[in-house]
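Have the structure open as you read.

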Amino acid sequence: MCGIIGILGDHQAAPIMVDALKRLEYRGYDSAGIATVQDGTLDRRRAVGKLANLADLLVTDPLAGRAGIGHTRWATHGAPTVANAHPHRAGRVAVVHNGIIENFAALRRELSVGGDGDWESQTDTETIVRLCEHHLSQGKSPQDAAFATIDRLEGAYALCFLFDGEDDLLVCARAGSPLAIGHGEGEMFVGSDAIALGPLTDRMTYLEEGDRAVVTRAGARIWDGRGRQTSRDVQRIPLDSQRIEKGGHRHYMAKEIHEQPQTISDVLDAYLDGDRVAPPEAVDFAALSRLTIVACGTAHIAGTVAKYWFEQLARLPVECDIASEYRYRDPVIAADGAVMVVSQSGETADTLAAMRHATGKAARILSVVNVPTSSIARECDVAFPIHAGVEVGVASTKAFVNQLTVLLCLAVLAARQRGAIDAAREAEIVGDIRRLPGLVSQSLAVEEACADLSGWLAEASDILFLGRGAMYPLAQEGALKLKEISYIHAEAYASGELKHGPIALVDKTVPIVVLAPHDALFEKSISNMQEVMAREGQVLLVTDKSGAEAGGGGVRATLTMPACPPLLAPILYAVPAQLLAYHTAVHKGTDVDQPRNLAKSVTVE
Ligand code: F6R
């Protein structure tokens with residue numbers, strides 16, 4: 001979602017800010033802008049669309065100055081237009097803002113002296129600069145005006161203010177959206193994540209919820225949510241972990257798909273010890289009456305797969321809920337149960353809000369996260385890291401398989417703790433899990449076939465994905481990946497559910513992807529596939545060699561996967577789901593890494 005950069009530097013700020021915004025492109029945006037102070041004068045440039053448009057504008061209409069703020073905007077209030085792009089300005093103050101100001105309508109009414117017509121934009125953010133300018137006009141200092149403004153804001157925000165006449169001052173605040181301060185040599189930086197600040201510094205201070213900071217080249221002074229001046233650690237964030245490169249691949253998504261054998265291997269190093277599961281953090285699943293998994297999108301799908309594992313292996317009842325639904329349906333939260341949130345970014349607003357809703361009600365709040373400094377990781381009782389590294393492609397791939405790998409390990413741990421498996425069975429399962437990097441590597445061999453099939457899939461306007469058991473959520477993942485990056489309508493159904501309605505959609509124009517490893521449910525899946533083929537449905541069967549031999553007659557195409565223990569199949573079958581979507585999108589020529597309308601980290605509800 002939106003990205004923020006702020007600089008009090010030694011060099012011209014504009015090119016450095018454009019570079020920083022480029023590193024934030026992966027978060028998703030539809031307009032961008034920067035403001036600087038030069039010889040005491042505040043000025044700004046903004047452009048709709050890709051950053052190249054802003055860079056072009058800066059060539060024809062440059063912006064000088066060593067102090068500045070910049071922003072990539074993902075539209076919420078108002079369309080992506082220049083007027084709605086950040087930085088917003090009123091008189092002597094400019095601001096960049098991530099998040100949503102929930103009381104903006106009331107503030108707007110209050111500030112609308114001459115009616116509604118004098119507003120420059122449709123955004124909630126403009127109320128912030130108007131309010132701040134109002135306080136400045138009452139004689140307040142820039143810091144006091146910014147703080148008085150922040151006092152009035154309700155909602156979620158990360159903010160950075162820049163003032164006319166002040167080329168050594170940034171005021172920033174964090175409430176619900178992350179913000180980091182970077183420490184340079186006689187320079188200071190502000191960024192919405194470490195990647196923004198990456199090449200500028202490796203010394204960072206993460207603001208805590210409710211913090212405000214006054215930043216000058218001499219350093220940062222920080223106040224906590226209760227207005228007490230406080231100090232926050234300066235952490236060294238290795239520059240390596242902030243570097244984002246395509247590694248010879250055409251897209252980040254391709255690179256991230258191919259990294260999966262390595263990222264799985266990394267996470268197994270952290271979760272396995274010999275022939276036992278030994279996670280980095282302690283948790284007692286034996287003490288729990290039930291587990292509620294809450295997440296959004298692909299992370300929710302990972303949670304749905306985990307339900308199968310926890311129930312089958314550990315006999316622990318699991319419900320898996322969509323975070324935006326969970327929070328508002330007044331759920332029954334068992335005091336002797338745990339709530340586990342799953343989130344790559346650790347900042348997804350709905351997931352964070354759902355977690356906060358359960359805090360203090362459930363016995364334990366667990367999380368499975370990729371970003372260890374994220375709000376979710378910091379606020380839960382126990383955070384299980386997934387060690388996937390930075391994921392840049394908007395469509396989650398390596399984070400999904402690493403979420404699954406961690407969840408499988410935790411399900412095995414739960415099974416041991418609850419006495420559902422003995423040491424010998426645990427050793428057997430762990431032996432299987434250790435095969436994952438190799439098996440996922442072998443699964444990548446379907447890539448060429450996926451590329452060959454992409455022309456057929458790219459022509460379709462609807463595609464169905466079918467699966468049974470834990471392959472049903474994988475069918476959901478295949479459909480989600482395909483629609484988000486290729487813009488082709490795709491739906492997933494539990495194979496057995498098809499004849500209860502969706503089969504009416506089947507005709508020879510609708511490709512049907514059937515995910516069916518040769519397991520205990522295979523015969524059932526094949527019967528459902530036959531029902532589809534009897535209605536001229538064109539089936540792409542994804543199975544293993546014995547599945548292809550046993551049930552592959554009459555299908556349009558087969559992707560042959562390595563044979564694997566049934567518990568591992570959801571992890572392996574993520575690979576063809578990803579590659580089919582990837583190659584179909586490439587064939588269609590869509591923006592694979594930054595698909596339209598989507599953002600990497602969804603920090604608004
Ligand atoms: C889909 C995708 C999204 C995310 C969802 C949750 O490819 O990436 O559906 O899974 O927005 O995001 P996190 O995991 O950051 O909470």
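Ala-377 is buried, with a relative accessible area of 13% (buried means under 20% relative accessible area, exposed over 50%, partly exposed in between, with a 1.4 Å probe and protein chains only). You'll find Ala-377 in helix H13, residues 375-379; helices (H or I, at least four residues) and strands (E, at least two) are DSSP runs, numbered from the N terminus. Leaving aside neighbours within four places in sequence, Ala-377 is in contact with Ser-367, Val-369, Val-371, Pro-372 and Ala-383, where contact means heavy atoms within 4.5 Å. His-11 is 366 residues away along the chain from Ala-377, and their C-alpha atoms are separated by 36 Å.

A word on ground rules: this is a predicted model, so local features need pLDDT of at least 70 and side-chain atom pairs count only at pLDDT 80 or more, while totals for chains, interfaces and linings use all residues. Residues are numbered from 1 along each chain as its sequence is written, and side-chain values use heavy atoms, with hydrogens and water left out.

His-71 sits in strand E4 (residues 67-73) and is buried, at a relative accessible area of 0%. Its side chain makes a polar contact with the side chain of Asn-98 at 3.0 Å. (A polar contact is a pair of N or O atoms within 3.5 Å; within protein, one must be able to donate a hydrogen and the other to accept it, and residues adjacent in sequence count only if both atoms are side-chain atoms.) Beyond four places in sequence, the contacts of His-71 include Cys-2, Ile-4, Leu-21, His-86 and Val-96.

Asp-224 is in the loop between strand E13 (219-223) and strand E14 (229-230), and at 12% relative accessibility it counts as buried. A polar atom of the Asp-224 side chain lies 2.9 Å from the backbone nitrogen of Arg-226.

## Cores and an enclosed helix

The largest nonpolar core has 97 residues, and Phe-285 and Phe-310 touch the most other members. (Such a core is a set of buried Ala, Val, Leu, Ile, Met, Phe, Trp, Tyr and Cys residues joined through side-chain atoms within 4.5 Å.) Helix H14 (residues 398-417) gives the most to this core, with 14 residues. A second, separate core has 28 residues, among them Ala-90, Ile-101, Leu-136 and Val-214.

Then there's helix H5 (residues 142-152): eight of its 11 residues are buried, so it is largely enclosed by the rest of the structure. Those buried residues pack against helix H4 (125-137), strand E7 (155-163), strand E8 (170-175), strand E12 (212-216) and E13.

## Cavities

How many cavities of 30 Å³ or more does a search of the whole structure find? It finds four. On a 1 Å grid over the protein atoms alone, a cavity is a set of points where a 1.4 Å probe fits but cannot get out, and lining residues have an atom within 4 Å of a point. Grid points are joined across faces, edges and corners, and a volume is the space filled by probe spheres set on the points.

The largest cavity holds about 60 Å³, and its lining includes Cys-2, Arg-73, Trp-74, His-86 and Asp-124.

Key: 1 Å grid on protein atoms, 1.4 Å probe; cavity = no way out; pocket = protein on both sides within 12 Å on 5 of 7 lines; lining within 4 Å.
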